[in-house]
Amino acid sequence: MPIQILPARLANQIAAGEVVERPASVVKELVENSLDAGATRIEVEVEKGGAKLIRIRDNGGGIDRDELTLALSRHATSKVSSLEDLERILSLGFRGEALASISSVSRLVLTSKPPSQEQAWQAMAEGREMDVRLQPASHPDGTTVEVSDLFFNTPARRRFLRTEKTEFGHIDEVVRRIALSRFDLALSLRHNGKPVRQYRAASLPSQQDKRLAAICGPAFMTSALRFDSEHHGLRLWGWLAPPSAARVQPDVQYTYVNGRMMRDKLLNHAVRQAYGDRLPAEGHGAFVLYLELDAAEVDVNVHPAKHEVRFHQARLVHDFVYQALSQALEQGESVQPSPSPA
Ligand code: ADP
Ligand code: MG
């Protein structure tokens, strides 16, 4: 075969392989876009575990008519424009790939109205070259992205979809993670027309506790130790189950770095080390933790789906987290002595 430039759709489908694993990855990318657009309210609606339909509606800043075509193109982003920006990422997105990738493996319709514009417009990419078709639409301020028939044109991927229940479970988990990342966000989730989650904007501590209990369970909520530590520009806050309650909710393990949800080996290691041998044999640590640090101190451009980060001063971060959590556990022990063995 001679060397040739791939048609746009095929190039985007190849890129989609890295970011669009299943319906839940679409939900994550789209909700992150809404957050980057300053949305305070996001509605997620899915049908058939997201395989049939994923619709995300937000009240964010919207996209100008003249930029809709670009929004659907690969390597098009409003979030970085230089290497300096890339080394100091404040937004959740920055690769300019999600919309192009998702629309190459589904039927995607983007509808948006910035407050400054009278009319809403709708865009979709068609054909091999993904030429964008624009038409006027009716929509309030904000953006709706509708993704139908995910992987309809990539049968190999489609076959990897699990049952509706499993796929919906992953979507639900993404929504829970986002809900814990931003207490001020109003967020709802519907499945097959039925409301499943409804998180109201929570600004008061009592409302935040309610959301925490709804997501992590009342057992975690009542036993969790609240911590908040700062050291040399690093801040760690959140909730941690004392070892005596660590068995209750093995699934509560939420980690955020500068508001971005992630599973990080280094942080997990620090947490495990802080629990140390305080944990019972089959015990799991249960925690919700938020690490905040200068954006220049962390590299988020490590993994296409941005599940991982790299800390420039890994040792420092690890030790800080270990110290902060050990302290929280020690204080917890002095307040509520662990129950005597039966
Ligand atoms: P990235 O998020 O990495 O910039 P995307 O492909 O996810 O790339 O989105 C491309 C661009 O489209 C974004 O940079 C943003 O300008 C715009 N955009 C996407 N979703 C929204 C939204 N919900 N509201 C406003 N603008 C959006
Ligand atoms: Mg994005």
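Author: Around ligand 1 there are 23 residues, and those that come nearest are Asn33, Ala37, Thr77, Gly93 and Ala98. A residue counts as near when its C-beta atom, placed from the backbone, lies within 6 Å of the molecule. The model is predicted: local features need pLDDT of at least 70 and side-chain atom pairs count only at pLDDT 80 or more, while totals for chains, interfaces and linings use all residues. Residues are numbered from 1 along each chain as its sequence is written, and chains are lettered from A and ligands numbered from 1 in the order in which they are written.

Helix H2 (23-36) and helix H5 (98-104) each give at least two residues to the shell around ligand 1; helices are DSSP runs of H or I with at least four residues, strands are runs of E with at least two, and both are numbered from the N terminus. By class the shell has eight nonpolar, 10 polar and five charged residues. Here Ala, Val, Leu, Ile, Met, Phe, Trp, Tyr, Cys and Pro count as nonpolar, Asp, Glu, Lys and Arg as charged, and the others, Gly among them, as polar.

In the loop between helix H3 (68-71) and helix H4 (83-86) lies His75. His75 has a positive phi of about 60° although it is not a glycine. His75 counts as exposed because it has 10 C-beta neighbours inside 10 Å. The cut-offs are 20 or more other C-beta atoms within 10 Å for buried, 12 or fewer for exposed, and partly exposed in between, with C-beta atoms placed from the backbone.

On the wider scale, the domain assignment, which is automatic or from a database, gives domain 1 (8-199) and domain 2 (216-334). Their C-alpha centres lie 29 Å apart. At the boundary, 12 residues of domain 1 are in contact with 12 residues of domain 2, contact being C-beta atoms, placed from the backbone, within 7 Å. Helix H1 (8-19) and helix H7 (164-181) each supply at least two residues of the side of domain 1 that touches domain 2. The largest share of that side, three residues, comes from H7. By class this side has six nonpolar, two polar and four charged residues.

Within H7, the buried residues include Phe168, Ile171, Val174 and Arg176. The 18 residues of H7 should span 26 Å at 1.5 Å a residue, and the end C-alpha atoms are 26 Å apart, which agrees; the expected span is 1.5 Å times one less than the number of residues.

Notes:
Two residues are in contact if their C-beta atoms, placed from the backbone, lie within 7 Å.
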